[in-house]
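Subject: Structure handover

Hello,

Here is the structure I said I would pass on. Please open it first, then read the notes below.

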Amino acid sequence: MEEELRCPACKKLYNNPVLLPCYHALCLNCAVHLQQPASQNPPSNCALNSGLECAGGCETSGGSELSVIDYQEVDKLSILSETDSGVVCNSRPNSYVGTPHIQGLLFPPVVSSALSLACPLCQKIVYFDESGALNLPKYRAMQRIVDKYNESRNFILKCQLCEAEPAADAVVLCEQCEILYCEECRENCHPPRGPLAKHNLLSPLVGRATLRTKAQDRDTQCSEHENETLSLYCMVCKVSLCPLCLQDTRHTSHDVQAVNTMCKAQKTELSQNLQQLSEKARSTTECIQRLKGLTEKVNENCAEFEEIVSAQCDALVTALQERKKQLLDIVQQNKEMKLRALKDQVSTCTSKLQHTTSLLQFCIEALKENDSAAFLQVGSMLINRVANVDITWHKDVGAASRISHEFDLTLDDSAVLHAIEQLNFFQMKPPGAPVVIPEECAAENNSVTIAWQPPMNSCIEGYVLELDDGMNGDFREVYCGKETICTVDGLHFNAMYNARVKAFNSSGEGEYSDLIGLQTAEVAWFTFDPSLGPSELHFSEDNCTVVCEGYEHRVALGSVGFSRGIHYWEFSINRYDSDTDPSFGIARIDVAKDQMLGKDDKGWSMYIDRQRSWFMHGSIHEQRCEGGIQPGYTVGVLLDLERHQLSFFVNEEPQGPVAFQDLYGVFYPAVSLNRGVSVTLHTAIDPPSDIDDS
């Protein structure tokens with residue numbers, strides 16, 4: 001609060017504060033020192049520095065005459081000026097005036113103003129008569145708050161008459177003079193004799209409290225009407241009034257309220273505003289605490305990250321040392337190879353030289369033979385040996401080394417140096433774990449929908465969704481993309497699937513989300529899928545009833561496929577008025593749809609007429625059974641993928657034995673029909689009661 005209690009001029013705590021028209025405050029002494037002749041602060045042609053804008057028609061040549069405007073009207077205009085701009089404009093004597101230029105009118109009080117004062121905070125100018133800043137009203141609330149603040153700090157009051165700086169501590173306060181004295185100034189300026197002997201000297205703190213009480217009593221009295229209490233408040237003039245003040249024409253037709261009522265209303269409004277501001281301050285305080293907490297986390301994360309960087313660099317140095325050792329080993333191996341090659345060459349040359357020297361010595365001795373017949377016995381042989389040695393000499397003994405003494409290896413470090421130069425930080429790191437949204441996840445029939453939200457403060461390029469096999473087996477990827485919701489179809493019925501999702505970006509993959517389990521339906525509810533049927537088929541709005549326009553058979557498939565579990569559904573015969581043979585059963589998704597079901601190897605069916613039925617697969621007919629269908633009959637299909645077999649029922653009675661065995665894969669409910677037949681599909685029903693017996 002201390003910032004609010006310091007004067008903007010002297011930067012000290014307020015002493016005798018006064019209130020400016022702009023609602024800024026100054027010490028009375030500071031206001032007196034800041035005032036100057038009005039001629040040094042000339043009014044502008046428009047709103048001066050008060051922020052008041054001309055309402056229109058402002059003449060820049062000096063304004064118009066006031067010969068036809070009486071001072072009462074001028075005073076009303078001045079009051080409006082105070083209300084509109086917050087700068088008091090008043091023509092009454094012994095007061096201050098401001099904003100002298102309104103809509104081109106220059107008030108006589110401005111012309112006659114002697115002194116002016118510019119607010120040091122907002123630079124708005126206020127004009128005074130000869131009394132100057134002494135006309136400014138005392139800022140009583142500010143003075144009381146400053147006094148309480150000083151008392152709470154055990155502030156030592158200073159003498160008000162000491163010329164030296166800093167002033168000495170006050171020891172007494174004169175209740176009548178209302179001045180604080182130190183011991184020396186009291187002896188010099190307030191001797192206890194003569195008229196001053198009757199003055200009541202109090203301790204500084206007690207004296208200040210007494211003066212505040214007396215001032216508060218005076219403040220409740222009207223300054224213009226003796227013994228009248230300020231019990232009213234003028235809403236237009238923003239001043240307190242006594243009942244006699246209402247007789248003044250200045251407040252004619254003004255809205256007047258009781259002082260206590262207005263004080264309570266404004267305190268209530270201020271309290272409400274303070275409560276709102278306090279909430280903002282509280283939230284800001286919490287924000288600061290969070291920021292401080294983040295500061296600690298930054299320090300912790302920085303230390304942790306420094307350890308990581310240091311470890312990574314140490315790992316690079318270790319790897320470089322390892323590579324250095326490997327390279328030096330290669331150099332040593334190359335050196336040993338060269339030395340070994342040189343040693344072998346020296347050994348070869350030495351051996352050749354020994355044999356040649358022996359031959360030379362032997363030939364020299366042979367030349368010394370005096371017996372011609374004896375020499376001729378070996379002469380030709382020696383000539384040939386010497387010639388052969390001479391011819392093969394360059395092959396067996398080379399003049400140059402077979403291997404260079406230079407190392408023909410060069411260490412290519414340019415790529416490593418470039419990599420070291422490029423070694424730097426990059427902002428991205430693997431993302432956090434996505435958060436699965438349970439309320440948006442669902443399972444319907446044999447499909448599940450999983451929704452998730454991105455991890456906070458992570459750069460995301462995509463997501464990977466994984467499902468297990470419905471039996472707590474291994475997870476497999478079922479989706480990879482940027483969406484945050486995915487529906488997976490074609491799952492097993494009556495199975496609990498666990499799902500998890502992870503995010504990834506160019507720096508790697510993040511952690512998996514928490515697992516979420518989704519239970520598929522125990523029994524299948526499905527309809528026909530019009531998108532899988534030929535154009536000659538027509539389906540009802542609910543896709544449960546189908547008819548065919550043409551005479552050729554067309555296949556309609558169900559909307560779900562089965563690969564596990566026991567499933568039963570029925571077809572009710574709505575219309576059957578021809579000799580055609582509708583065919584009921586199952587099929588692969590790519591079954592031929594322009595011929596009777598069972599004609600190819602991707603359909604398993606029972607085709608039936610009014611009297612009998614046959615099982616058919618791959619155009620092979622077998623197992624003729626007596627009993628046909630009529631309108632109103634039902635044909636049931638039981639697909640048991642636990643036993644991998646298919647059975648048929650008519651009116652919930654078995655139609656022959658088990659029709660097909662060894663069924664593996666994904667199968668779709670199917671029916672083929674042509675003109676004259678209409679059937680309706682019924683799903684999610686229990687198998688016939690005698691299924692176990694059958």
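Ala 556 touches Phe 528, Leu 537, Phe 539, Val 546, Pro 669, Ala 670 and Val 671, leaving aside residues up to four places away in sequence. Ala 556 lies in strand 26 (residues 554-557). Its relative accessibility is 1%, so Ala 556 counts as buried. Lys 593 is 37 residues from Ala 556 along the chain, yet their C-alpha atoms are separated by 7.4 Å. Keep in mind that this is a predicted model.

Now the chain as a whole. The protein chain has nine helices and 36 strands. Of its 694 residues, 36% count as buried. The chain exposes about 41,900 Å², and carbon and sulfur atoms supply 52% of that. Take the contacts between residues at least 6 apart in sequence: 59% of them join residues at least 24 apart.

Next, the cores. In soluble globular proteins, nonpolar side chains tend to be buried together. The largest nonpolar core here has 38 residues. Which residues have the most contacts inside it? They are Phe 562, Trp 569, Phe 571, Phe 584, Leu 639 and Leu 646. Several elements give two or more residues to this core, among them strand 25 (545-548), strand 28 (583-587), strand 32 (634-640) and strand 33 (645-650). Strand 27 supplies the largest share, four residues. A second, separate core has 22 residues, including Leu 5, Cys 27, Ala 133 and Tyr 149.

Look at Leu 639 in the model. Not counting residues up to four places away in sequence, Leu 639 touches Phe 562, Gly 565, Ile 566, His 567, Trp 569, Ile 586, Gln 645, Leu 646, Leu 663 and Phe 667.

Ser 572 sits in strand 27. Is Ser 572 buried or exposed? Its relative accessibility is 13%, and the cut-off for buried is under 20%, so Ser 572 counts as buried. Ser 572 touches Tyr 633, Thr 634, Ser 678, Val 679, Thr 680 and His 682, again without residues up to four places away in sequence.

Then there is helix 7 (residues 259-367). Helix 7 has 109 residues, so at 1.5 Å a residue it should span 162 Å. Its end C-alpha atoms are 156 Å apart, which agrees. The buried residues of helix 7 are Met 262, Val 309, Asn 334, Lys 338, Gln 345, Lys 352, Thr 356, Leu 359, Cys 363 and Ala 366.

Helix 7 also holds Leu 320. Leu 320 forms a nonpolar surface patch with Val 416, Leu 417 and Ile 420. Together they have about 360 Å² of accessible area. Helix 9 (residues 414-422) gives the largest share of the patch, three residues.

Asn 16 has a positive phi of about 55°, although it is not a glycine. Asn 16 is in the segment before strand 1 (17-19). Its relative accessibility is 44%, so Asn 16 counts as partly exposed. Ser 619 has a positive phi too, near 70°, and is a residue other than glycine. Ser 619 is in the loop between strand 30 (612-617) and strand 31 (620-626). At 37% relative accessibility, Ser 619 counts as partly exposed.

Best wishes

How values were computed. Residues numbered from 1 in each chain as written. Predicted model: local features only at pLDDT ≥ 70, side-chain atom pairs only at ≥ 80, totals over all residues. Heavy atoms only, no water. Patch = residues over 30% accessible without salt bridge, like charges linked within 9 Å, V, L, I, M, F, W, Y side chains within 5 Å. Areas by Shrake-Rupley, 256 points an atom, 1.4 Å probe, with all protein chains shown as cover. Salt bridge = Lys/Arg side-chain N within 4 Å of Asp/Glu carboxyl O. Core = buried A, V, L, I, M, F, W, Y, C linked by side-chain atoms within 4.5 Å. Buried < 20%, exposed > 50% of the residue type's maximum accessible area, 1.4 Å probe, protein only. Contact = heavy atoms within 4.5 Å. Expected span 1.5 Å × (residues − 1).
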